[in-house]
Amino acid sequence: MKHLTRLAVAATTAVSVLALAACQGGSSNAADDDTPVTELPTAWDDTITIDVFDGLANYMGMQQGWFAKLVKDKFNMELNIIAPNVAGGGDTLYNTRVGAGDLGDLIITDKGEKLDELVQGGLVLDASKYYGAMPNAAEYDAAVQNTNDGKDGVYAFPTQVSNLKPTQSSEALEPTFGAYLRWDLYSKIGYPEIGTLEDLLPVFQAMQQAEPTAPNGQKTYALSLFKDWDGNMMNNVKQPITYYGYDELGFVLAKADGSDFQGLLDDEGMYHRVLQFFYDANQLGLVDPESTTQNYDTLFSKYQNGQVLYSFWPWLGQSAYNTADNTSQGKGFMLAEIQDQNIFSYGAEVFGGKQVLAIGSKAEDPERIAAFIDWLYSPEGTESNSSQTAGAPGPKGLTWEGATSTAPALTDFGKEVFLDGDATVPEEWGGGSYIDGTSTLNVSVVLPTSTDARTDQPFNYTMWPSYQELVQTPLSEDWSANMGDATSGMDFLTTNDQLAIAPGASYTAPADSSQIEAQRNQVKAAIVQTSWQMTFAKDQAEFDSLWSNLQSTAKGLGYDDVLAFDMTNAKDQNDKRVQVAKDFG
């Protein structure tokens with residue numbers, strides 16, 4: 001079990017550790033009787049309100065609407081969502097509640113170091129006595145056992161578990177990464193072949209010439225960048241790197257199949273290649289000059305206005321621009337083929353994702369919360385809990401119908417919700433806006449791409465044949481006709497063997513030591529700053545000089561030490577991927 005480390009800044013940590021030590025005994029209502037529960041209740045007379053401390057939630061307050069009614073009807077329970085994302089102040093709310101010895105009745109937090117801290121501090125309950133009566137959670141016993149490995153009980157339940165193999169992609173219709181172009185403009189210039197990443201540049205030029213000005217009168221650009229998500233590197237640079245099967249782990253770029261591990265600052269590495277690509281694009285006038293100052297929200301509005309012609313991700317360009325009005329005119333972002341691509345894809349996580357559910361040690365009714373958690377693993381919980389953006393279809397009978405003998409399909413109400421954007425829920429289901437009534441937990445306990453045994457189809461409604469028939473547009477028809485009759489981006493990539501799936505091993509890298517953390521913070525600041533300077537360098541000589549200076553500066557700041565640490569972790573991650581593919585593949 002890990003040592004208690006870094007709960008907060010120094011002053012707060014001292015208070016927190018004292019509070020944690022004071023509450024080591026856990027809750028009186030759970031510690032008195034360890035007799036295993038053989039069956040959980042299905043009805044409760046008294047209504048309770050539980051505090052849900054949710055590190056992922058983007059809403060704070062009482063759960064409302066149809067999901068609230070569903071939980072109330074099944075468990076006579078109301079959910080009060082406590083969201084640090086909304087409260088602001090980073091870890092302030094977390095530290096305050098930890099210091100008080102009561103984080104929440106139901107806790108959604110990161111596994112690994114943070115979970116270990118809470119277990120050692122006595123803030124989460126050992127739910128071993130209830131686990132034997134949780135058949136839905138037990139369907140994913142391997143993930144539950146892995147989550148609690150090294151602990152003396154069942155302290156947490158994994159999220160994003162799946163009944164798919166770890167060698168199967170966790171993604172639905174579209175990959176997480178890919179070169180998404182304004183397909184209508186790509187069509188207008190004659191669908192030119194794109195052999196490599198660099199071959200995108202003349203395509204971008206032609207597309208920009210085909211539509212130099214957006215409908216709002218602003219100049220169009222192929223590339224528009226932003227700094228919001230920069231971390232160990234310039235985030236936007238990382239995205240085309242994934243087109244060749246790599247993902248990041250600290251300062252390492254690791255291929256999905258374990259065949260290559262690169263340092264960010266390798267001379268012949270992918271990071272330098274994409275920086276050169278960005279520089280070349282800017283020299284051609286293809287990069288938005290406002291990239292250095294705009295944030296994601298500003299960027300999103302530019303996509304909505306038709307000012308940007310290329311998107312790193314489907315969920316940016318498509319969500320902003322592929323409106324019903326645009327797609328009916330054949331306009332929108334769709335995946336283009338780079339012929340030598342092998343796009344990185346996250347395999348289904350056999351052992352779950354990065355977050356876990358845990359019962360607070362001071363919960364008033366842990367048995368009821370255990371029943372609620374078990375329900376979240378059930379088919380009804382899976383379809384009802386996840387947000388519609390994750391593909392959850394909502395409650396059967398309200399938004400969809402279908403059984404094993406009948407393929408699932410949206411009801412008229414479901415079509416109104418998912419095709420038109422929202423609908424008013426019937427009073428018997430809770431009333432109000434459907435969207436406003438969705439679960440605010442903001443985490444899928446079971447991955448929606450998993451197969452629903454009742455229908456033999458994925459839970460994700462966007463993957464149903466009945467849904468795909470509903471959403472055919474002139475845009476999708478033209479794309480399919482030019483992409484070998486593919487039905488989706490994932491269908492095209494799978495059919496053409498252009499997907500690099502990293503087996504889902506649920507790997508969590510160990511925390512940085514204080515020395516590595518200090519070195520990393522200095523080095524990554526230099527990498528990010530210089531990367532932006534290189535993108536907008538005045539000429540190739542300045543670009544090359546900046547790169548050389550970055551290498552020497554980073555080395556002086558401890559880059560080699562951090563890279564060695566990250567390289568060990570990257571290879572350990574690959575070992576676990578190999579093992580999980582062997583065990584479950």
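User: Which residues are linked with Asp 46 in a network of salt bridges?

Analyst: This is a predicted model. Asp 365 is buried, as is Arg 368. The residues linked in a network with Asp 46 are Asp 365 and Arg 368.

User: How many residues apart in sequence are the parts that Asp 116 and Lys 151 tie together?

Analyst: Asp 116 forms a salt bridge with Lys 151, and their closest N and O atoms are 3.0 Å apart. Asp 116 lies in helix H6, whereas Lys 151 lies in the loop between H9 and strand S5 (157-158), so the parts tied together are separated in sequence by 35 residues.

User: Is Val 471 buried, partly exposed or exposed?

Analyst: Val 471 lies in the loop between helix H20 (465-470) and helix H21 (474-481). With Leu 419 and Leu 470, Val 471 makes a nonpolar surface patch of about 200 Å². Buried means under 20% relative accessible area and exposed means over 50%. At 31% relative accessibility, Val 471 therefore counts as partly exposed.

User: Which element gives the largest share of the lining of the second largest pocket?

Analyst: The second largest pocket holds about 580 Å³ of space. Its lining has 24 residues, and among those nearest the centre are Asn 146 and Lys 576. Helix H6 (113-121), helix H9 (141-147) and helix H25 (559-584) each give two or more residues to this lining. The largest share, six residues, comes from H25.

Note on methods
Residues are numbered from 1 along each chain as its sequence is written. This is a predicted model: local features need pLDDT of at least 70, side-chain atom pairs count only at pLDDT 80 or more; totals for chains, interfaces and linings use all residues. Side-chain values use heavy atoms; hydrogens and water are left out. Patches are made of residues with over 30% relative accessible area and no salt bridge: like charges are joined within 9 Å, nonpolar side chains (Val, Leu, Ile, Met, Phe, Trp, Tyr) within 5 Å. Accessible areas come from the Shrake-Rupley method with a 1.4 Å probe; for residues, only the protein chains shown count as cover. A salt bridge is a side-chain nitrogen of Lys or Arg within 4 Å of a carboxyl oxygen of Asp or Glu. Helices (H or I, at least four residues) and strands (E, at least two) are DSSP runs, numbered from the N terminus. Buried means under 20% relative accessible area, exposed over 50%, partly exposed in between (1.4 Å probe, protein chains only). On a 1 Å grid over the protein atoms alone, a cavity is a set of points where a 1.4 Å probe fits but cannot get out, and a pocket is an open set with protein on both sides within 12 Å along at least five of seven lines; lining residues have an atom within 4 Å of a point. Grid points are joined across faces, edges and corners, and a volume is the space filled by probe spheres set on the points.
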